[in-house]
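Morning, everyone. One structure today, and I'll keep it brief. Have a look at the slide before I start.

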Amino acid sequence: MHPETHLALHHARAAELRAEADAYRLTVATRRRRDLRTRLGWTLVEVGLRLAAAPRTAAAVP
(Lines give C-alpha, C1' and ligand atoms only; values in the text may rest on other atoms or scores of the structure.)
Protein backbone atom coordinates (compact mmCIF):
# COMPACT_ATOMS: atom_id res chain seq x y z
CA MET A 1 0.00 0.00 0.00
CA HIS A 2 1.30 3.42 -0.88
CA PRO A 3 2.32 5.49 2.20
CA GLU A 4 0.12 8.44 1.23
CA THR A 5 -2.91 6.16 0.87
CA HIS A 6 -2.19 4.61 4.26
CA LEU A 7 -1.88 8.06 5.83
CA ALA A 8 -5.16 9.21 4.27
CA LEU A 9 -6.95 6.13 5.62
CA HIS A 10 -5.42 6.73 9.04
CA HIS A 11 -6.65 10.35 9.10
CA ALA A 12 -10.15 9.29 8.03
CA ARG A 13 -10.33 6.60 10.73
CA ALA A 14 -9.01 9.02 13.38
CA ALA A 15 -11.72 11.53 12.45
CA GLU A 16 -14.38 8.79 12.74
CA LEU A 17 -13.11 7.79 16.17
CA ARG A 18 -13.09 11.40 17.36
CA ALA A 19 -16.68 11.84 16.17
CA GLU A 20 -17.74 8.65 17.98
CA ALA A 21 -16.03 9.81 21.17
CA ASP A 22 -17.75 13.21 21.00
CA ALA A 23 -21.14 11.58 20.45
CA TYR A 24 -20.54 9.24 23.39
CA ARG A 25 -19.58 12.13 25.68
CA LEU A 26 -22.74 14.03 24.76
CA THR A 27 -24.89 10.94 25.34
CA VAL A 28 -23.37 10.26 28.75
CA ALA A 29 -23.80 13.88 29.85
CA THR A 30 -27.46 13.85 28.81
CA ARG A 31 -28.06 10.51 30.52
CA ARG A 32 -26.62 11.76 33.83
CA ARG A 33 -28.91 14.79 33.86
CA ARG A 34 -31.91 12.65 32.97
CA ASP A 35 -31.09 10.10 35.71
CA LEU A 36 -30.88 12.85 38.32
CA ARG A 37 -34.11 14.40 37.10
CA THR A 38 -35.86 11.00 37.19
CA ARG A 39 -34.66 10.21 40.73
CA LEU A 40 -35.74 13.65 41.94
CA GLY A 41 -39.15 13.26 40.29
CA TRP A 42 -39.82 9.87 41.89
CA THR A 43 -38.68 11.18 45.27
CA LEU A 44 -41.19 14.03 44.99
CA VAL A 45 -43.92 11.55 44.04
CA GLU A 46 -43.08 9.41 47.07
CA VAL A 47 -43.13 12.43 49.40
CA GLY A 48 -46.45 13.55 47.92
CA LEU A 49 -47.98 10.12 48.45
CA ARG A 50 -46.82 10.08 52.05
CA LEU A 51 -48.32 13.53 52.64
CA ALA A 52 -51.61 12.55 50.97
CA ALA A 53 -51.99 9.32 52.98
CA ALA A 54 -54.34 9.44 55.96
CA PRO A 55 -52.38 9.98 59.17
CA ARG A 56 -52.41 7.07 61.58
CA THR A 57 -52.82 8.10 65.18
CA ALA A 58 -52.56 5.97 68.26
CA ALA A 59 -56.34 6.20 68.76
CA ALA A 60 -57.06 4.97 65.19
CA VAL A 61 -54.85 1.87 65.51
CA PRO A 62 -56.56 -0.98 67.44
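This is a predicted model: local features need pLDDT of at least 70, side-chain atom pairs count only at pLDDT 80 or more; totals for chains, interfaces and linings use all residues.

Start with the fold. The secondary structure comes to one helix and zero strands. The radius of gyration is 27 Å, well over the 11 Å that the globule rule gives for 62 residues, so the chain is more spread out than a compact globule. The C-alpha trace tells you how that looks along the principal axes: about 90 × 15 × 10 Å. The helix is α1, and it covers residues 3-52.

How much of the chain is buried? Of the 62 residues, 3% count as buried. The accessible surface comes to about 6,200 Å². Carbon and sulfur atoms hold 64% of that surface.

Now the salt bridges. How many does the structure hold? Three. Let me take them in sequence order.

Number one pairs Arg 13 with Glu 16. The closest N and O atoms are 3.2 Å apart. Both residues sit in helix α1, three residues apart, which is about one turn of the helix. What about exposure? Arg 13 is partly exposed, at 42% relative accessibility. Glu 16 is partly exposed too, with a relative accessible area of 44%.

Next, Asp 22 and Arg 25. Their side chains meet in a salt bridge, 2.5 Å from N to O. Why can these two reach each other along the sequence? They are three residues apart in helix α1, so about one helical turn separates them. Arg 25 counts as exposed, because its relative accessibility of 54% is over the 50% cut-off. Asp 22, at 39%, is partly exposed.

Glu 46 is partly exposed, with a relative accessible area of 40%. Arg 50 is exposed, at 62% relative accessibility.

Which residues form a nonpolar patch on the surface? Trp 42, Val 45 and Leu 49. Together they have about 360 Å² of accessible area. Trp 42 lies in helix α1. Is Trp 42 buried or exposed? Exposed, with a relative accessible area of 60%, because anything over 50% counts that way.

Last item, charge. The chain has 11 positive and 6 negative charges. How far apart are their mean positions? The answer is 14 Å.

Terms used: Residues are numbered from 1 along each chain as its sequence is written. Side-chain values use heavy atoms; hydrogens and water are left out. A salt bridge is a side-chain nitrogen of Lys or Arg within 4 Å of a carboxyl oxygen of Asp or Glu. Helices (H or I, at least four residues) and strands (E, at least two) are DSSP runs, numbered from the N terminus. Buried means under 20% relative accessible area, exposed over 50%, partly exposed in between (1.4 Å probe, protein chains only). Patches are made of residues with over 30% relative accessible area and no salt bridge: like charges are joined within 9 Å, nonpolar side chains (Val, Leu, Ile, Met, Phe, Trp, Tyr) within 5 Å. Accessible areas come from the Shrake-Rupley method with a 1.4 Å probe; for residues, only the protein chains shown count as cover. The radius of gyration is taken over C-alpha atoms; the globule rule is 2.2 Å times the number of residues to the power 0.38. Lys and Arg count as positive and Asp and Glu as negative; His and the chain ends are not counted. The place of a charge is taken as NZ of Lys, CZ of Arg, CG of Asp or CD of Glu.
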